[in-house]
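Hello,

Here is the structure I promised to pass on to you. Please have it open while you read, and take your time with it.

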Amino acid sequence: MEAAYTSVNFFLEDSPRTLFPLTTNQILVRRGSGELLEFAQKLAAGPGSFLPQRRVYANKDELHLRRTVKLDAVAEFYLYDLVFRNRSRFRKPHSKVRSHFGYRFTNGKPMTPSASYAEFRKKVFDHHIMSEEFISCDISDYFNHVYHHDLQAWFAALEPTKSEDVEAFGKYLREINARRSLDCLPQGLYPAKMIGNDFLRFVEESSTIRAPRIARFMDDIVLLGNQANNLIADFSELQRLLGLKGLTINSKKTRFGGTPITGEVDEHLSDLKKGLLRLRQRMLVQGYEEDESVNDDAEPLEQEQIELVRELLDSGHLGEDDAELIMVVMRDHVSLIEDHLSLFARGYPHLAKSFYNLCRAAEDKETTAEIVLDVARQGTHIGEYQLFWFGSMLEEYLLDTSRASDIVHALYSHPSATEISRAKILEIDDRRYGLAEMRESFLREGRSDWLAWASAVGCRGMKKQARNYLLVYFSNGSPMNKLIADIMQK
């Protein structure tokens, strides 16, 4: 009989898909989910406080950053458990012609976002056949502008929601954000996306927006109808409703008239390029997400498609979309493009997670290690996101290369290194390259921060007596330290 799906499954399945998936939180949830939840529930119901969270920055593109927070193990698992316990409150849309897509549970498990997005695109396409006009838009920096009192009021309106959960939710949002009312919803986590998606359902349910057809995926909104003037009036009303929540439309992405952008393959592209794009979409929809390991049953590429990839790589002006496409469809054929790995590492730091996945199957790990080291040494600035994912590459498949020691030093000592990128190094369960001594210094100082927490988890491979000896010093630093030490000493 298949085991019941739990909040632990929810967390452990989603964690690798997040922006900064530290092993520390995964180990602590796997070993001590009950202790973490008991600790969190005492904070939620009592005089204690959730800790203010560490700001992190992931690349949106080559220049722009996505600001969010990295939650400690207690705060992170609590959010997953809270949403999991209330998952039935995140209901399907009431209408087939005015509906939203994505980020809720179905058949007992979270929906695959890429599959739901494909349904959204198809719905827009189908609606457009029946409509003469449309307006599409999205909300400017949506997650960074949601007001925590509005979120608490939304949560309280869900039926039936326990009053203690509502109060705890408001307390949680205030305290993890150091009592700042805006920018309180962590980005990149599935439960936060469930919250953000359901919070906006007032858009399609509003009686003051008269558009006969509405489709929404998170903050991507499409209004469709037959009268342009009526849609313009609806769009004005939409902006008024969003304004009540402190939200605004991104004017640069608003489109009116013509054909909606549905993500369908451009008819002007060659058949080969269309085939690659459809292959990429199938891989995503079937669960071959960014974090997935190499698929032994991968669909073989046709020789013409391989030649197209090589032509794109040799063109000298590889665009971001093409780079991302190649890194996805070539994961199981990476040996054919190993000569170009340096191009991806140097030219597309915002695709660092895709590069991490691509290099998993590279046979020559020594060359991969040289590439990582060269990039880490090439300048005084590297984004936190790329440093983190280089650390993940080191942990998973570069530790036994001849340049591992140099990579440890380059990533940890880099001028751009942050507390979170350094924690990625300290949590690696290995005693070589000075890692044990680096961890010991933090454990003996009685610190209570990410460097100490990651060090406590990173010493998990030590002999029990030696590990517990260090954790005694560590546990005296704070109640959080004591909790982590108790879990790691089990």
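Predicted model: local features only at pLDDT ≥ 70, side-chain atom pairs only at ≥ 80, totals over all residues.

**Helices around H22**

The crossing of H2 and H22 is right-handed. On the H2 side, the contact is made by Ile 27, Leu 28, Arg 31, Gly 32, Glu 35, Leu 36 and Phe 39. H22 brings Pro 479, Met 480, Leu 483, Ile 484, Ile 487 and Met 488 to it. Sorted by kind, the residues of this contact are ten nonpolar, one polar and two charged.

H22 also packs with helix H21 (residues 464-475): their axes come within 8 Å and cross at roughly 165 degrees. At that angle, H21 is roughly antiparallel to H22. This crossing is left-handed, whereas the one between H2 and H22 is right-handed. Arg 467, Leu 471, Phe 474 and Ser 475 make the contact from H21, and Asn 481, Lys 482, Ile 484, Ala 485 and Met 488 make it from H22. Here the division is five nonpolar, two polar and two charged. If you look for Ile 484 and Met 488, you will find them listed in the contact with H2 and again in the contact with H21.

**The nonpolar core**

In soluble globular proteins, nonpolar side chains tend to be buried together. In this model, the largest nonpolar core has 154 residues. Which residues have the most contacts inside that core? They are Phe 50, Leu 238, Phe 344 and Phe 355. The largest share of the core comes from helix H3 (residues 73-85), which supplies ten residues.

Phe 355 is worth a look. Setting aside neighbours within four places in sequence, Phe 355 is in contact with Met 327, Leu 341, Phe 344, Ala 345, Ile 371, Phe 390, Met 393 and Tyr 397. Among these is Phe 344, which is itself one of the residues with the most contacts in the core.

**A few single residues**

Is His 127 buried or exposed? Its relative accessibility is 5%, under the 20% limit, so His 127 counts as buried. His 127 sits in helix H4 (residues 113-129). Beyond its neighbours within four places in sequence, His 127 touches Lys 96, Val 97, Arg 213, Ile 214, Ala 215 and Leu 224.

Most residues other than glycine have a negative phi. Two residues here depart from that. Asp 141 has a positive phi of about 45 degrees, and Tyr 433 has one near 65 degrees. Asp 141 lies in the loop between strand S6 (133-138) and helix H5 (148-157), and Tyr 433 in the loop between helix H18 (419-426) and helix H19 (435-444). Both count as partly exposed, Asp 141 at 39% relative accessibility and Tyr 433 at 26%.

Finally, Ser 251 is in the loop between helix H9 (228-244) and strand S9 (255-256). With a relative accessible area of 62%, Ser 251 is exposed.

Best wishes, and enjoy exploring!

Key:
Residues numbered from 1 in each chain as written. Heavy atoms only, no water. Left-handed = near helix turned anticlockwise from the far one by under 90°. Helix = DSSP H or I, 4+ residues; strand = E, 2+ residues; numbered from the N terminus. Contact = heavy atoms within 4.5 Å. Nonpolar A, V, L, I, M, F, W, Y, C, P; charged D, E, K, R; others polar. Core = buried A, V, L, I, M, F, W, Y, C linked by side-chain atoms within 4.5 Å. Buried < 20%, exposed > 50% of the residue type's maximum accessible area, 1.4 Å probe, protein only. Axes fitted to C-alpha atoms, helices over the stretch in contact; angles between N-to-C directions. Parallel < 35°, antiparallel > 145°, perpendicular 65-115°, else oblique.
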